[in-house]
Amino acid sequence: MASPKNDGTSGAAKRVGRYDLITPMLPVKDEICAKFEKLLLSGNYILGEEVRLLEEELAAACGVPEAVGVASGSSALYVALAMAGVRPGDEVITTPYTFDATMEAIILLDAVPVFVDIDPKDLNIDPDKIEAAITDKTRAIMPVPIFGAPCDMHRINAIAEKHNLEIVVDMAQGYGTIYDGQPMGSYGRMSTLSFYPTKNLPGIGDGGMVFCREKRDADRIRKFRAHQAVTANGHLYSGWNSRLDEVQAMVIRIRNAHFDDEQRDRNKVGEIYDSYIPAANRLQMPNEGRGMHVTHHQYWVRAQNRDGLQKLLNENGVDTAVYYDPPLHKHELAVYCRNGGDLNAAQQAGKDILILPIHAALPFEDAHRIGVLVKDFLAGEAAQAQS
Ligand SMILES: Cc1ncc(COP(=O)(O)O)c(C=O)c1O
């Protein structure tokens, strides 16, 4: 089924919002409501057949044998790190240019987030800078495909293998992202997903999933999410309530059946922006893009006068956002973290990155209009820099 949009009609008079959570629900509304009534009358509300089927379907989509539904993307991160054997005092290498949850999960395990700078071309952790941050306390590397851009997994894998480290991928923003022909979810010992309503594959509440290459990890997570204590890497971890409910799983399964259509429209918006924005001011993929696919969870543009560009777009009825300014190494929780080198690129990204509207229901005409505004603004900046 085609997603309900892009009929050529412009929203020119209306403000262009960053998200549209409702329009993609319209073609599946009746299906969801019918299933909801069945669920309501079944009395089976948590960890039932819908969760089991969702786990099966998403494990297959991500090319891993096991997937376990949990309460949120944050919960997924915590339990994946624990089951990878992260113990109090261990260090986990990650990026400072990400959402707080990446760091919080490490801190909640009494472990230490170690921040490594990003590559300004894709805003992901810079593989060239990881080795310098490794110590005898390092237990794991946690790459985050930020805004849906693939991380350079071959290089990160090689470093992890050389130093005997685990990899847990925080894939909250990366469902549908492909690295070298394989889903991002297939990399690492485990990877984690969020079903928060603005994510690529959304629920209508909180939810998350852990993708596991090893059955023993999945078995332990199934115990953990239902209050059973588990031992991993010789450490005893307390269980917790981290269950996924049936309503979320049912909605997510229905949305997943239309995922490719939605992605096609979302990607088309990305292509339109790409056609206006110079390569140096937007995402450049690792490996020159060969075998790569970005899902554009967010579309970003770099401008020297980022706030000026935001003001211009706002005056033209376009909502935008600034993310990760300042990055996590400037957060109040940074007292629990360590900097694994200078973090200049992350600091700079906090200052010059702007997030443009992107979603499957964005009229293409609006994307062209926004593209022209951004292009002209950047051309003005470039001319000023030359004069
Ligand atoms: C990179 C990243 N990690 C983790 C999370 C946490 O996911 P959730 O909101 O489902 O707990 C998010 C959510 O925004 C995220 O963007």
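The structure is a predicted model, in which local features need pLDDT of at least 70, side-chain atom pairs count only at pLDDT 80 or more, and totals for chains, interfaces and linings use all residues. Residues are numbered from 1 along each chain as its sequence is written.

Pro 327 sits in the loop between α9 (306–315) and β13 (338–339); helices (H or I, at least four residues) and strands (E, at least two) are DSSP runs numbered from the N terminus. Leaving aside residues up to four places away in sequence, Pro 327 touches Pro 96, Tyr 97, Leu 343, Ala 346, Gln 347 and Gly 350, where contact means C-beta atoms, placed from the backbone, within 7 Å.

Turning to helix α7 (residues 246–257), its twelve residues reach 17 Å from first C-alpha to last, close to the 16 Å expected at 1.5 Å a residue; the expected span is 1.5 Å times one less than the number of residues. The buried residues of α7 are Glu 246, Val 247, Gln 248, Ala 249, Met 250, Val 251, Ile 252 and Arg 255. Their cover includes α1 (29–42), α2 (49–62), β1 (66–70) and α8 (259–276).

Technical notes
A residue is buried if 20 or more other C-beta atoms lie within 10 Å of its own, exposed if 12 or fewer, and partly exposed in between; C-beta atoms are placed from the backbone. Two residues are in contact if their C-beta atoms, placed from the backbone, lie within 7 Å.
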